[in-house]
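Let's take a walk through a protein model, one residue at a time. Have a look at it first, then read on.

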Amino acid sequence: MSRWLLTAAFALCGFAVADDKKDEKAEAVVKIVHVDSGKVLGVADDSDEAAAKCVLTKDEDGKDARQWRVVKDGDWLKLVNVKSGKVLDVNEASTDAGAELIIWDDKGEGDTDNQRFRWDGKGEERRLRGKQSGLVLDVTREGGVTQNKADEKNKKQLWKVVEVKKDKK
């Protein structure tokens, strides 16, 4: 595994790494796997439209809407959908429990807190916490992705990261 991919993987998992925003190779492509179901964080209907809902979906190789590029932003992470180039976003910058996660255009600078996240916990299985709300990603019965208050007993709030292997040509 290359040095840049290791660096990005460590950043994603919460280990200390250098913050080198100029090095775009320091962005790993990953699948974010829901521990309880084995499904992955994706976008409804594999859409690339702004405001498309994030959902749990079957893990299928080659589906870019189910892959994310991890970009370190200070102590937080920005998750960029590989297919659309849009970022994981809490809909309407809500701080309410139950608010849906969507993809949206990257706000770039300024008011980006509803588009920044961090890993909470230790080990391979962790919670993904939103910067603005302080709430963690959770899953509805229907497979929608929302934010909710962290509950240590709730396995539906646990996620793990799996590197996307690039095809060797």
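## Starting at Lys-83

Find Lys-83 and look around it: beyond the residues up to four places away in sequence, Lys-83 touches Asp-46, Asp-48, Asp-64 and Ala-65 (touching, or contact, means heavy atoms within 4.5 Å). Lys-83 sits in the loop between β5 (76-81) and β6 (87-90). Its relative accessibility is 41%, so Lys-83 counts as partly exposed (buried means under 20% relative accessible area, exposed over 50%, and partly exposed in between, with a 1.4 Å probe and protein chains only). Arg-69 is 14 residues away from Lys-83 in sequence, and their C-alpha atoms are 10.0 Å apart.

A quick word on the ground rules: this is a predicted model, where local features need pLDDT of at least 70, side-chain atom pairs count only at pLDDT 80 or more, and totals for chains, interfaces and linings use all residues. Residues are numbered from 1 along each chain as its sequence is written, and side-chain values use heavy atoms, with hydrogens and water left out.

## The overall layout

The protein has 169 residues, and 43% of them count as buried. Among contacts with a separation of 6 or more, 52% are between residues 24 or more positions apart.

What is in the middle of the largest nonpolar core? That core has 25 residues, and Trp-68 and Leu-88 touch the most other members. (A nonpolar core is a set of buried Ala, Val, Leu, Ile, Met, Phe, Trp, Tyr and Cys residues joined through side-chain atoms within 4.5 Å.) Setting aside neighbours within four places in sequence, the contacts of Leu-88 include Leu-41, Trp-68, Phe-117 and Leu-137.

## Two buried glutamines

Gln-147 belongs to strand β11 and counts as buried because its relative accessibility is 2%. Its side chain makes a polar contact of 2.8 Å with the side chain of Ser-133 and also reaches the backbone oxygen of Ser-94 at 3.0 Å. (A polar contact is a pair of N or O atoms within 3.5 Å; within protein, one must be able to donate a hydrogen and the other to accept it, and residues adjacent in sequence count only if both atoms are side-chain atoms.)

Gln-157 is in the loop between β11 (145-148) and β12 (159-163). At 1% relative accessibility, Gln-157 is buried. Its side chain has a polar contact of 3.1 Å with the side chain of Arg-127.

## Salt bridges

How many salt bridges does the structure hold? There are 15, each being a side-chain nitrogen of Lys or Arg within 4 Å of a carboxyl oxygen of Asp or Glu. One of them pairs Asp-59 with Lys-31 at 2.7 Å, N to O. Asp-59 is in the loop between β3 (54-57) and β4 (68-73), while Lys-31 is in strand β1 (residues 29-34), 28 residues apart. Asp-59 is partly exposed at 37%, whereas Lys-31 is buried at 8%.

Another salt bridge joins Lys-78 and Asp-106 at 2.7 Å, N to O. Lys-78 lies in strand β5 and Asp-106 in the loop between β7 (101-104) and β8 (117-120), so the pair ties together parts 28 residues apart in sequence.

Technical notes:
Helices (H or I, at least four residues) and strands (E, at least two) are DSSP runs, numbered from the N terminus.
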